Amino acid sequence: MENGLDPAPPLLEVRGISKSFGAVRALQEVDFTLRAGEIHALLGENGAGKSTLIKVVTGVFPRDAGIVRLGGEEVAPRSAKAALQVGIATVYQEVNLLPNLSVAQNLFLDRQPMRFGIVREGEMRRRAKTLLADFGLDIDVAAALGNYSVAIQHVTAIARAVDLSARVLILDEPTASLDRHEVEILFGIMRQLAKRGIGIVFVSHFLDQVYEISDRITVLRNGRLVGERETASLPRLDLIRMMLGRELAETTSVRASEGEHGAREVCASFENYGKAGYVAPFNLELRRGEVVGLAGLLGSGRTETARLVFGAERADGGQARVEGAPVRLQSPRDGVRHGFGYCPEERKTDGIVAELSVRENIVLALQAKRGLHRPLSRREQDEIAKRYVKMLDIRPPDPERPVGLLSGGNQQKVLLARWLATSPRLLVLDEPTRGIDVGAHAEIIRLIRELCDDGLALLVISSELDEIVTYSDRVVVLRDRAHVEELAGEAVDVGNILAAIAADSVTVALEAHT
Amino acid sequence: MTALLPRRGLAQILALIVILAVDRVVSPQFFDLRLQDGRLFGSLIDVLNRGTPVALLSLGMVLVIATRGIDLSVGAVMAICGAIAASLADSHGLPVVLAAALGAGLICGLWNGFLVAVLGMQPIVATLILMVAGRGIAQLITEGRIVTFSSPDLVWLGNGSVLGLPVPVAIALGMLILTGAVVRGSALGLLIEATGGNARASELAGVGTRAMILSVYVWCGVCAALAGVIAAADIMGADANNAGLWLELDAILAVVIGGTSLFGGRFSLVLAVLGALIIQTMNTGILLSGYPPEFNLLVKAAVVLAVLLLQSPKLSGFAGIMARLRGTKP
C-alpha cells in the first residue's frame, strides 16, 4: 500500500490534469505518478479517459489545467515529437511506423547516419542489427517492416523509442493483436527495460496480463482518478469494482439448463464441410436457442470455420443445409439470404463503415438483403436505428453520429444491431468482446445469452476460455485447422477445453498422410 | 435526400456567388437575359450551355469516385460516341443515332467496370487503357477525318431549345434529376457510399460490391456518351482528336470541388454539378474579360485552391462560421 516513504523521486508526475472537449469533460483533475523502473498499468473502461490522459501528457492535445513533471522538472510538450525529445515515448496499438520502409530505416527515421549528404545504409543496418539484438531479435533489418508480424513491428517501435533515449515508455494496448508467445516476448522486453530504469505505462484490457506484468495500477473512471494501488495487494474483484464502480454480476453462470440441447431443432448443419489448406472437413450442427463456442489457439482454424459457415469463403467439399434443405454458400450474400449474420473480428477493417452514420451502418445488411429496388424509407431507417440504439444501449444515443467516432464496445453493438435488424436465424460472432471494456464486455455476454433465449442459433469464437464456458452450450475445439473435439453439457469447462487443445492425438499424424 | 440538397454546400455556393460577382464586374452585361425566338440568350445561359458536357461527365464521375474509383477514360468515350453519332447522323434517324452512341458508351463503361470490379485492377490504370485506346478507336471510326453532318435532328440536340432553355441544358438537368431519382430513390446511394467507405465490410454485410462498382462505371460511360453526342451536335461534326480532350480532368475537378472525397464514401450529385458550373463560370468570365485564355488555367487553379481551403477541416475557423450561420450543429 501507499506508505509515502518511497525514497526514489517519481519519474513522471501528473498533477491536476483537466481536459474538456466542448461540453464533454474528458479529464477532471487527474493525478498520475510513475516511478523509475516500474511497470504501471493504466486501466479503465472505454471512455474513462486513458487515451485522453496519454495524449495530454504527450502533448497531442493541449491541456486545460494541471502540470506534468518529468524527473522533477516541469515539461509541456506541444506535440508527440516534442514529448519524444524530452523523453516520453508512446507506442500505439496500431504501430505508427512506415510499413513500406525497411526495419532499419524505421529505426533511424529522421536521424539516419549520413556522410556527404548520403545515407550510410550499411552503417544504419549494422546499428539496427545491434539495437534489435538487445531486444532478442535477430531479423533481416533490410526487409520492409510490413513483412513482419505485428509483434516484431511493436518491438521495432519500442526499440526506436528506447534508442531515442526515452525515459518514459507508454504502451497503448500493445498486446491486443499478439498471440500468447509474442506477448511473452514483449513482456520479457518490458521487464528488461524496467530494470534499466525506464518507467513503463501499460494500457490494456487484458486483466490477466496486467496482473502478470504490472507493479502498480492506476484506475480511471469517467475522466476521474479512482485510485492507485499496488498490483500484488489488489484482488481482481476489487479492481473490477474500481473500474466499473458497481458489483459485477458475471459470477453467476448464465448457461441455460443443460441436457435439453439434443431436443432443439437444427437450423443449420454442415457435413464434411471444409476447404483444402484452410480448414479440414468438419461436421457441425447449429440449433435454435443454442450457443456453440469455437475454442482453440490463434490460427487453429476458428475464424476460418466462421467464414466458411457464413459464406465469406467458399468450401470445396461437403454439404451445407439450412432447415434441412441443401444450400450453396458462395458469398456473404448467400449467407445473408439464408438468414446468417457475421460479426468479424476486425471491426474496423471488416465491420464498420466508419464514415457512415450509426443509422446507415445498422440498416446496411437489411438493405442489402432487401435489394436495391426496395429501399428502406428514411422513416423506417430512423425507427430501426432508434430501436436498436435503445435496445443495445448504444452510446452516445445519436443515430446520425459517424460510427467511426464511437468506442469499440459501441461499434460492436452497432454491428450486432446491423445483423439483428435482418432477423437472422444464425449469428456468427468472431471475438465479440475483443478490445472492448469490461462493462461492455459483460453486456455483450448477457446479450449473447438473451439472443439465444430468443431462439437464435449462435456460433461464437473467443480466445477467453472463461468467457466461452460461461455462455456456450457446446464447445468445438480446434487445433491445427481441424475440429478435434466437441464438448457438451457438463463436459464444457476450461480444463476439458485446454486438454483438448493440448492433446497430442493421432489426428495430426493421420492428416499428414492424406 | 442528404445528397440531393446537402447542408454542406455552403462553400461551393459561396464560391459560385463570388465568381459570379467577379464576372459581373468584368462584364457588366453578365446577368442580362433576353428572350429571342422562344429561347433565352445571355452570358448565364451560355455558362449553363458550355458547362453541360462537364456537368454530365461529373454526374457519372461522382458515383465512380464515391466507390473509391476514378474514370480517366470519359474524354475518350466522348470522342468515340461523338464519332459514332456524327457518322450515323445523316443516314439514320435520331433514335438509332442516340441508341448507337449511348450503347457504345455503355459498352465502354462495362469494359472499365469489368477491369475494376471483376479483374480487380486499380481504377486509375484500368481506365487509363481506354483513355489511350479510346482516341484511337474514335479515329478509326472517323477514318482520321473530321466527320461533319447536317441532320437537323442532331443539330437540334446541340443548338435547339425547349421551354426557353438550350436543349443541352435541358438534357443535363434531366440527367441530374434522373440520376438523383435512381440513386436516392433506390438503395443505390447508400450501398455505393458503403462500398466506397469500406468495401470489405460492405461485402461481408451482403452488399453486392462488384455489382455496385460495375454499375457506376456503366453509368459513367453512358453520361460520357451523352456528353459526346452533345459536343458533336454542338459543332455539327466529330473531331476524334479534340472532342472531350482533358475533360476527364475537369470532371474530376468538378467532383472534388463538389466536396466528394477521392477516398470514396459520401457523395453529392448536386454539388458535383455545381462544381462543373463553378469551373465554367470561371472559364466564361475569363473569356469575357478579354484576358488571354492562358490566364484561365492559373485562375482556375487559384479558385480550386480557394474552394478546397474552404472545405478543409483544418480551417476550423471557417467551420465555426458555418456552424454559426447554420445556427445549430457544431
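Predicted model: local features only at pLDDT ≥ 70, side-chain atom pairs only at ≥ 80, totals over all residues.
Visitor: Which strands are the edge strands of the open sheet of 6 strands in chain A?
Guide: The sheet has mixed pairing and runs in the order β18-β19-β20-β15-β21-β22 of chain A, with neighbouring strands turned by 15° against each other on average when direction is ignored. An edge strand pairs on one side only, and in chain A this holds for β18 (340-343) and β22 (482-488).

Visitor: Within that sheet, which residue of β20(A) is the bridge partner of V291(A)?
Guide: Strand β15 (residues 290-295) of chain A is joined to strand β20 (residues 457-461) of chain A by 5 bridges, and the two strands pair in the parallel sense. The bridge partner that V291(A) finds in β20(A) is L458(A).

Visitor: Which residue in the turn between β4(A) and β5(A) has a positive phi?
Guide: Strand β4 (residues 65-70) of chain A runs antiparallel to β1 (residues 12-21) of chain A, with 5 bridges between them, and E13(A) stands opposite R69(A) there. β4(A) also pairs in the antiparallel sense with β5 (residues 73-75) of chain A over 3 bridges, where V68(A) stands opposite V75(A). The hairpin formed by β4(A) and β5(A) has 2 residues between its strands, and the turn residue with a positive phi, of about 60°, is G71(A).

Visitor: Is L131(A) buried or exposed?
Guide: L131(A) is found in helix α4 (residues 121-133) of chain A, and, leaving aside neighbours within four places in sequence, it is in contact with L107(A), A159(A) and D163(A). The C-alpha atoms of L131(A) and V162(A) are 9.7 Å apart, although 31 residues separate the two in sequence. Because L131(A) has 20 C-beta neighbours inside 10 Å, it counts as buried.

Visitor: Which element gives the most residues to the side of chain A that touches chain B?
Guide: The contact takes 26 residues from chain A and 22 residues from chain B, and those of chain A divide into 14 nonpolar, 5 polar and 7 charged. Elements giving two or more residues to this side are α10 (332-337), α11 (347-351) and α12 (358-370) of chain A. With 6 residues, the element that gives the most is α12(A).

Visitor: Which element of chain A is included in what covers the buried residues of α8(B)?
Guide: Helix α8 (residues 188-197) of chain B is mostly covered, with 10 of its 10 residues buried, among them L190(B), I192(B) and E193(B). Chain B itself contributes α2 (43-66), α7 (167-185), α9 (199-204) and α10 (209-235) to the cover. From chain A, the cover includes α12.

Technical notes: Residues numbered from 1 in each chain as written. Chains lettered and ligands numbered in written order. Contact = placed C-beta atoms within 7 Å. Helix = DSSP H or I, 4+ residues; strand = E, 2+ residues; numbered from the N terminus. Nonpolar A, V, L, I, M, F, W, Y, C, P; charged D, E, K, R; others polar. Pairing = 2+ DSSP bridges. Axes fitted to C-alpha atoms, helices over the stretch in contact; angles between N-to-C directions. Buried ≥ 20, exposed ≤ 12 C-beta atoms within 10 Å, placed from the backbone.
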